[in-house]
Amino acid sequence: MSDCIFCRIANKEMPSEIVYEDERVIAFKDINPVAPVHILIIPKKHIPDMTAVTEEDAELIGAVHLAAIKIAREVGVAETGFRLVNNCKEDGGQVVMHLHYHLIGGRKLGIGV
Ligand code: 5GP
Ligand code: ZN
C-alpha cells in the first residue's frame with residue numbers, strides 16, 4: 001500500500017466522498033472544507049508537487065482542468081464562480097505531497113479564502 005494518502009484515496013484503499021472520476025483524474029470532498037464547496041482534484045498519477053510536472057504531463061494537467069470545469073457545473077458554481085488553487089511546497093502551504101487542486105466556492109471568497 002502506498003504511503004501517500006491521496007494515492008490511497010485514488011486506489012480506493014482509503015474512503016473518501018468521490019464526486020468525479022475518469023481514467024486519469026479523481027476528485028473528492030475535502031475532509032476539512034473552508035467553503036460550502038471544497039473539492040480536491042488530483043491526477044491519479046503520483047506527482048509530488050507542481051514543480052514536478054513535466055512536458056509529458058501536459059495532457060494530464062489539461063484533463064485536471066477540464067474535470068474542474070465539469071465538477072464546477074455539476075455542483076452548481078460554474079455560473080456564480082469559484083477558485084481553483086494549487087498550494088506548492090512549504091511556503092505555498094502544501095501539506096499533502098501529491099499534486100492537487102482545491103476547487104472552492106459556494107460563497108463570496110476573500111483575498112485569503
Ligand atoms: P494542501 O494544504 O496540501 O494544499 O491541502 C491538503 C488538503 O487535503 C487539506 O485541505 C486537507 O483538509 C485535505 N485532506 C487531508 N487529508 C485528507 C483526507 O484523508 N481526506 C480528504 N478528503 N481530505 C484530506
Ligand atoms: Zn500520491
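Student: What makes Cys4 and Cys7 buried?

Tutor: Buried means under 20% relative accessible area, exposed over 50%, and partly exposed in between (1.4 Å probe, protein chains only). Cys4 has 9% and Cys7 has 11%, so both count as buried. Keep in mind that this is a predicted model, where local features need pLDDT of at least 70, side-chain atom pairs count only at pLDDT 80 or more, and totals for chains, interfaces and linings use all residues. Residues are numbered from 1 along each chain as its sequence is written, chains are lettered from A and ligands numbered from 1 in the order in which they are written, and side-chain values use heavy atoms, leaving out hydrogens and water.

Student: Which atoms are the protein donors of the zinc ion (ligand 2)?

Tutor: They are Cys4 (SG), Cys7 (SG), His46 (ND1) and His98 (ND1), at 2.0 to 2.3 Å. Donors are N, O and S atoms within 2.8 Å of the metal (3.2 Å for Na, K and Ca); water is not among the atoms, so sites may look incomplete.

Student: Why is the arrangement around the zinc ion (ligand 2) called tetrahedral?

Tutor: Four donors count as tetrahedral if all angles lie between 85 and 135 degrees. Here the angles are 105 to 117°, so the arrangement is tetrahedral.

Student: How do you know that Lys44 and Glu21 meet in a salt bridge?

Tutor: A salt bridge is a side-chain nitrogen of Lys or Arg within 4 Å of a carboxyl oxygen of Asp or Glu. For Lys44 and Glu21 the N to O distance is 2.8 Å, so the pair qualifies.

Key
Four donors count as tetrahedral if all angles lie between 85 and 135 degrees; four count as square planar and six as octahedral if opposite donors are over 155 degrees apart and all others between 65 and 115; anything else is irregular.
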